[in-house]
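Please open the model in your viewer and keep the sequence panel beside it. The tour below moves from one selection to the next and says what is to be found at each stop.

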Amino acid sequence: MTAEDLYDRYQHAATAHRMHRAACTACTDTGRCQAGQRLFESFTRLQDAYLNRQRQQRH
């Protein structure tokens, strides 16, 4: 997987999480519904992977 692919996946996950958060009445700033939690975890996992890859490429 290239850095560009990882970036695209990370951005799509961020968008999916934002869209869910905007429409879900159960999700709040301090808590998430099951689907919201899954989307948030996917976003954070992909973001971490992307940022770690960026750090590795700088060294």
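Begin with the two helices, where the buried residues of H2 pack against H1. Helices here are DSSP runs of H or I with at least four residues, strands are runs of E with at least two, and both are numbered from the N terminus; contact means heavy atoms within 4.5 Å. Before going further, note that this is a predicted model, in which local features need pLDDT of at least 70 and side-chain atom pairs count only at pLDDT 80 or more, while totals for chains, interfaces and linings use all residues. Residues are numbered from 1 along each chain as its sequence is written, and side-chain values use heavy atoms, with hydrogens and water left out.

Select the buried residues of H2, which are Gly-36, Leu-39, Phe-43, Leu-46 and Tyr-50. Buried means under 20% relative accessible area, exposed means over 50%, and partly exposed lies in between, with a 1.4 Å probe and protein chains only.

Next, select Leu-6, Tyr-10, Ala-13, Ala-14, Phe-43, Leu-46 and Tyr-50, the seven residues of the largest nonpolar core. Such a core is a set of buried Ala, Val, Leu, Ile, Met, Phe, Trp, Tyr and Cys residues joined through side-chain atoms within 4.5 Å. The elements giving two or more residues to this core are helix H1 (3-23) and helix H2 (34-58), and H1 supplies the largest share, four residues.

Within that selection, centre on Phe-43, which is in contact with Tyr-10, Ala-13 and Ala-14 once neighbours within four places in sequence are left aside. Then move along to Tyr-50, also in helix H2, which counts as buried at 14% relative accessibility. Leaving aside neighbours within four places in sequence, Tyr-50 is in contact with Ala-3, Leu-6, Tyr-7 and Tyr-10.

His-17, found in helix H1, counts as buried at 15% relative accessibility, and, not counting residues up to four places away in sequence, His-17 touches Arg-32, Gly-36, Leu-39 and Phe-40. His-20 is likewise found in helix H1 and is buried, with a relative accessible area of 19%. With the same exclusion of residues up to four places away, His-20 touches Cys-27, Cys-33, Ala-35, Gly-36 and Leu-39. Zoom in on Gly-36, whose backbone nitrogen lies 3.4 Å from a polar atom of the His-20 side chain.

From His-20, select the cysteines that it touches, Cys-27 and Cys-33. How many disulfides does the structure hold? The structure holds zero, a disulfide being a pair of cysteine sulfur atoms within 2.5 Å. The sulfur of Cys-27 is 3.7 Å from the closest cysteine sulfur, in Cys-24, which is too far for a bond. For Cys-33 the closest cysteine sulfur is that of Cys-27, at 3.7 Å, again too far for a bond. Cys-27 itself is buried, with a relative accessible area of 5%.

For the last stop, select Arg-21 and Asp-29, which form a salt bridge with their closest N and O atoms 3.1 Å apart. A salt bridge is a side-chain nitrogen of Lys or Arg within 4 Å of a carboxyl oxygen of Asp or Glu, and a search of the whole structure finds one. If you colour the pair by accessibility, Arg-21 is partly exposed, with a relative accessible area of 29%, whereas Asp-29 counts as exposed at 71%.

Note on methods: Polar contact = N/O pair within 3.5 Å; in protein donor to acceptor, adjacent residues only side chain to side chain.
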